[in-house]
Amino acid sequence: MTRGNVHQSKVHYQGKDEDFVIFVDDVKAVQNWKEDRSIPLAQVVNGFKIFVTHKHGAQNAHDEASKQVLENEFGTHNEDECMIKILERGSLQETESGQRQGPKNDSMGTRSAH
């Protein structure tokens, strides 16, 4: 598992009812794909999952998009077609995390002196 200084690239698409996010390998890969569509999606996206943020923007919690949500927004539930539309219409975002977020080790308890 990656510890700190994690570089993360994603494409955020603001839809009618939901905000959609897909994670990509890097910004350059997306730019290359936009110029040359013969590049397979597998070399652009980082995992074939589309996430929704429930209209809370790209930085909040992500839930996996259901087929019904994809159908309502894009007119299809085919994830490849939806990803292409998100890549075409969405905005690229890069973030760098300096440290891990959330609890470090829940099994350690309070670690107070006894």
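A residue is counted as buried when its relative accessible area is under 20%, and Phe23, at 16% relative accessibility, is therefore placed in this class. The structure described here is a predicted model, and buried residues make up 31% of the 114 residues in the protein. The protein contains three helices and five strands, which follow one another along the sequence in the pattern β-β-α-β-β-α-α-β. Of the contacts between residues at least 6 apart in sequence, 62% join residues that are at least 24 apart. The protein exposes about 7,500 Å², of which carbon and sulfur atoms supply 45%.

Aromatic side chains are considered next. A pair of aromatic rings is described by the distance of the centres and the angle of the planes. The count comes to four aromatic pairs, one of which is formed by Tyr13 and Phe20 and is tilted, with 6.3 Å from centre to centre and 35° between the planes. Tyr13 is buried, its relative accessible area being 11%, and Phe20 likewise counts as buried, at 0% relative accessibility. Another of the pairs, that of Phe23 and Phe51, is edge-to-face, with the centres 5.7 Å apart and an angle of 75° between the planes. Because Phe23 lies in strand 2 (residues 19-24) and Phe51 in strand 3, this pair ties together parts of the protein that are 28 residues apart in sequence. Phe51 has a relative accessible area of 18% and is buried, as is Phe23 at 16%.

Glu18 is located in the loop between strand 1 (6-14) and strand 2, and with a relative accessible area of 15% Glu18 is buried.

Charged side chains were examined for pairing. Side chains of opposite charge can pair when their charged atoms come close. The structure holds two salt bridges. In one of them Arg37 is joined to Glu88, with the closest N and O atoms 2.9 Å apart. This pair links distant parts of the chain, since Arg37 is found in the loop between helix 1 (27-35) and strand 3 (51-52), whereas Glu88 belongs to helix 3 (residues 79-89), 51 residues apart. Arg37 counts as partly exposed, at 44% relative accessibility, and Glu88 is also partly exposed, with a relative accessible area of 36%. Besides its salt bridge with Glu88, Arg37 lies over the face of Trp33, at 4.0 Å from the ring centre.

The other salt bridge is formed by Lys49 and Glu64, whose closest N and O atoms are 3.6 Å apart. Lys49 lies in the loop between helix 1 and strand 3, and Glu64 in strand 4 (residues 63-64), so that this pair ties together parts that are 15 residues apart in sequence. Lys49 is partly exposed, at 39% relative accessibility, and Glu64, with a relative accessible area of 46%, is partly exposed as well.

How values were computed. Residues are numbered from 1 along each chain as its sequence is written. This is a predicted model: local features need pLDDT of at least 70, side-chain atom pairs count only at pLDDT 80 or more; totals for chains, interfaces and linings use all residues. Side-chain values use heavy atoms; hydrogens and water are left out. A salt bridge is a side-chain nitrogen of Lys or Arg within 4 Å of a carboxyl oxygen of Asp or Glu. Helices (H or I, at least four residues) and strands (E, at least two) are DSSP runs, numbered from the N terminus. Buried means under 20% relative accessible area, exposed over 50%, partly exposed in between (1.4 Å probe, protein chains only). Rings of Phe, Tyr and Trp (its six-membered ring) pair if their centres lie within 6.5 Å; planes under 30 degrees apart count as stacked, over 60 as edge-to-face and the rest as tilted. A charge sits over a ring if NZ of Lys or CZ of Arg is within 6 Å of the ring centre and within 35 degrees of the ring normal. Contact means heavy atoms within 4.5 Å. Accessible areas come from the Shrake-Rupley method with a 1.4 Å probe; for residues, only the protein chains shown count as cover.
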